[in-house]
Amino acid sequence: MRTARLDVVAIIGAAFSVRVDATLATKGVQLLTSRSYPVEFFDTEREARAWLLAQRDALRARRRPLT
């Protein structure tokens, strides 16, 4: 996990039990890596892609050096 870079995670169409398992797993990874990242669940790929694009734009804006 040290070489993987997760900024955000979108999960599509997961049942409640899968959502619980995924949430617990991501919380564990966040504890082990000391990094925090948002995890969201979506019913459709379109919703997930829209959210991911918005998150990407926000991350790029924060990383962009001031000139």
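Figure 1. Q30 is found in helix α1. The model is predicted, so local features are given at pLDDT of at least 70 and side-chain atom pairs at pLDDT 80 or more, whereas totals for chains, interfaces and linings use all residues. Residues are numbered from 1 along each chain as its sequence is written, and side-chain values use heavy atoms, with hydrogens and water left out. Helices (H or I, at least four residues) and strands (E, at least two) are DSSP runs numbered from the N terminus. Q30 counts as buried because its relative accessibility is 16%; buried means under 20% relative accessible area, exposed means over 50%, and partly exposed lies in between (1.4 Å probe, protein chains only). Leaving aside residues up to four places away in sequence, Q30 touches R35, S36, Y37 and V39. A contact here means heavy atoms within 4.5 Å.

**Figure 2. The chain as a whole.** Two helices and two strands are present in the chain, and from the N terminus on they follow the order β-α-β-α. Of its 67 residues, 21% count as buried. Among contacts between residues at least 6 apart in sequence, 71% join residues at least 24 apart. The accessible surface comes to about 5500 Å², and 57% of this area belongs to carbon and sulfur atoms. Such areas come from the Shrake-Rupley method with a 1.4 Å probe, and for residues only the protein chains shown count as cover.

**Figure 3. The largest nonpolar core.** Five residues make up this core: V8, F42, A48, W51 and L59. A nonpolar core is a set of buried Ala, Val, Leu, Ile, Met, Phe, Trp, Tyr and Cys residues joined through side-chain atoms within 4.5 Å. L59 touches D7 and V8, when residues up to four places away in sequence are not counted.

Figure 4. A pair of aromatic rings is described by the distance of the centres and the angle of the planes. Rings of Phe, Tyr and Trp (its six-membered ring) pair if their centres lie within 6.5 Å; planes under 30 degrees apart count as stacked, over 60 as edge-to-face and the rest as tilted. By this rule there is one aromatic pair. The pair is formed by F42 and W51 and is tilted, with 5.5 Å from centre to centre and 45° between the planes. Both F42 and W51 are buried.

Figure 5. Side chains of opposite charge can pair when their charged atoms come close. A salt bridge is a side-chain nitrogen of Lys or Arg within 4 Å of a carboxyl oxygen of Asp or Glu. By this rule the chain has four salt bridges. In one of them, the side chains of R35 and D7 meet at 3.5 Å, N to O. The two partners are 28 residues apart: R35 lies in the loop between α1 and β2 (39-42), and D7 in the segment before β1 (9-12). R35 is partly exposed, as its relative accessible area is 35%, whereas D7 is buried, with a value of 18%.

Figure 6. The side chains of R49 and E45 form a salt bridge at 2.7 Å, N to O. Both residues belong to helix α2 (residues 45-63) and stand four residues apart, about one turn of the helix. R49 counts as exposed because its relative accessibility is 52%; E45, with a relative accessible area of 43%, is partly exposed. In a further salt bridge, the side chains of D57 and R56 meet at 3.9 Å, N to O. D57 counts as partly exposed at 44% relative accessibility, and R56 counts as partly exposed at 39%.

**Figure 7. A nonpolar patch on the surface.** F16, V20 and L24 form this patch, which has about 340 Å² of accessible area together. Patches are made of residues with over 30% relative accessible area and no salt bridge; like charges are joined within 9 Å, and nonpolar side chains (Val, Leu, Ile, Met, Phe, Trp, Tyr) within 5 Å. V20 is situated in helix α1 (residues 16-33). V20 is partly exposed, because its relative accessible area is 33%.

**Figure 8. The backbone at S34.** Most residues other than glycine have a negative phi. S34, a residue other than glycine, has a positive phi near 60°. S34 lies in the loop between α1 and β2 and is exposed, with a relative accessible area of 68%.
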